[in-house]
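Reader: I am new to this structure and would like to learn how to read its features one at a time. Could you take me through them, giving the general idea before the case at hand?

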Amino acid sequence: MKLWRRITRFGFRLLYNEFAWTYDVVSWIVSAGEWREWQRSAIRALNLPSESKVLEVAHGTGNLQVDLVREEYSCAGVDLSPAMGRIAARKLQGMGYAPNLMCASATALPYGGQTFEGLICTFPTEFLIHPHALSEFRRVLKADGRFAVVLHGILLRGWWRPFLDVLFQATGQGGISQDHVPTAETLGFRYIRVVAAFTASGLTCDVIPMLTPRGYAVVAVGGPMP
């Protein structure tokens with residue numbers, strides 16, 4: 001198991017760095033085309049008015065940055081991978097948008113306290129439950145701010161659905177083999193470790209399903225505790 005985890009981590013490192021240029025294609029293939037819908041569910045779950053200041057942690061190739069700008073949010077993004085930063089910047093510039101991106105770790109966000117009304121993150125890796133990352137989430141969010149983190153994506157139909165679940169399991173991201181949308185209570189129990197990590201860092205946290213055309217995304221939502 002330890003060997004498999006090392007192999008998986010190495011694969012992710014290549015995907016986020018040397019092979020970052022393949023990320024959009026790989027994510028589309030492994031999700032049977034649903035990846036972008038799962039990503040966009042974070043914006044719907046955040047449910048903030050336009051012009052709100054929103055930070056995306058681990059912005060990847062910049063697709064969600066484009067969505068945020070198009071919906072007239074004042075957005076910024078951070079990613080630890082310089083390769084992802086270059087791809088995202090070129091993508092935004094190619095569409096006529098000025099990138100507002102920084103190369104930084106989720107555990108040391110380069111912003112002042114209470115800067116953002118919203119924070120989003122999609123398909124985070126191991127940093128999600130790192131206490132330093134979550135304390136940074138809380139620090140940069142305004143007192144009445146909100147976060148939305150897409151934890152998982154589920155296909156409810158299609159021949160690829162069973163294989164996707166196996167893939168998520170194999171890469172250590174968990175999986176939910178089922179043919180229906182679970183309740184928030186069920187998801188809260190399944191992701192109790194995630195909820196506990198957020199709560200310990202001073203953040204409220206609920207885990208909810210957000211419907212997409214062929215399935216749903218599992219999204220953690222909440223904000224700073226009073």
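Author: Let us begin with the terms for secondary structure: helices and strands are runs assigned by DSSP, a helix having at least four residues and a strand at least two, and they are numbered from the N terminus. Please keep in mind that this is a predicted model.

Reader: How many helices and strands are there in the protein chain?

Author: The protein chain contains nine helices and seven strands. Of its 226 residues, 50% count as buried, and the chain exposes about 11100 Å², of which carbon and sulfur atoms supply 61%. Among contacts in the chain with a separation of 6 or more, 68% are accounted for by residues 24 or more positions apart.

Reader: Which residues have the most contacts inside the largest nonpolar core?

Author: The general idea is that in soluble globular proteins nonpolar side chains tend to be buried together. Here the largest nonpolar core has 34 residues, and those with the most contacts inside it are Leu55, Val57, Phe137, Phe147, Leu151 and Phe198. At least two residues of this core come from each of β1 (53-57), β2 (74-79), β4 (116-122), α6 (131-140), β5 (141-155), α9 (192-200) and β7 (215-222), and β5 gives the most, with five residues.

Reader: What is Phe137 in contact with, leaving aside its neighbours within four places in sequence?

Author: With those neighbours set aside, Phe137 is in contact with Val57, Leu109, Leu119, Phe127, Phe198 and Leu203. There is also a second, separate core of 21 residues, which includes Trp35, Val54, Leu64 and Cys75.

Reader: Is Gln65, in helix α4, buried or exposed?

Author: A residue counts as buried when its relative accessible area is under 20%. Gln65, which is placed in helix α4 (residues 63-70), has 1% relative accessibility and therefore counts as buried. The side chain of Gln65 reaches the backbone oxygen of Ala76 at 3.2 Å, and, apart from neighbours within four places in sequence, Gln65 is in contact with residues including Glu56, His59, Cys75 and Leu92.

Reader: Where is Asn47 placed, and what is its phi?

Author: Asn47 lies in the loop between α3 (35-46) and β1, and its phi is near 55°, a positive value in a residue other than glycine. To count as exposed, a residue needs a relative accessible area over 50%, and Asn47, at 63%, is therefore exposed. Gln114, found in the loop between β3 (101-103) and β4, likewise has a positive phi, near 55°, and is a residue other than glycine.

Terms used
Residues numbered from 1 in each chain as written. Predicted model: local features only at pLDDT ≥ 70, side-chain atom pairs only at ≥ 80, totals over all residues. Heavy atoms only, no water. Buried < 20%, exposed > 50% of the residue type's maximum accessible area, 1.4 Å probe, protein only. Contact = heavy atoms within 4.5 Å. Areas by Shrake-Rupley, 256 points an atom, 1.4 Å probe, with all protein chains shown as cover. Core = buried A, V, L, I, M, F, W, Y, C linked by side-chain atoms within 4.5 Å. Polar contact = N/O pair within 3.5 Å; in protein donor to acceptor, adjacent residues only side chain to side chain.
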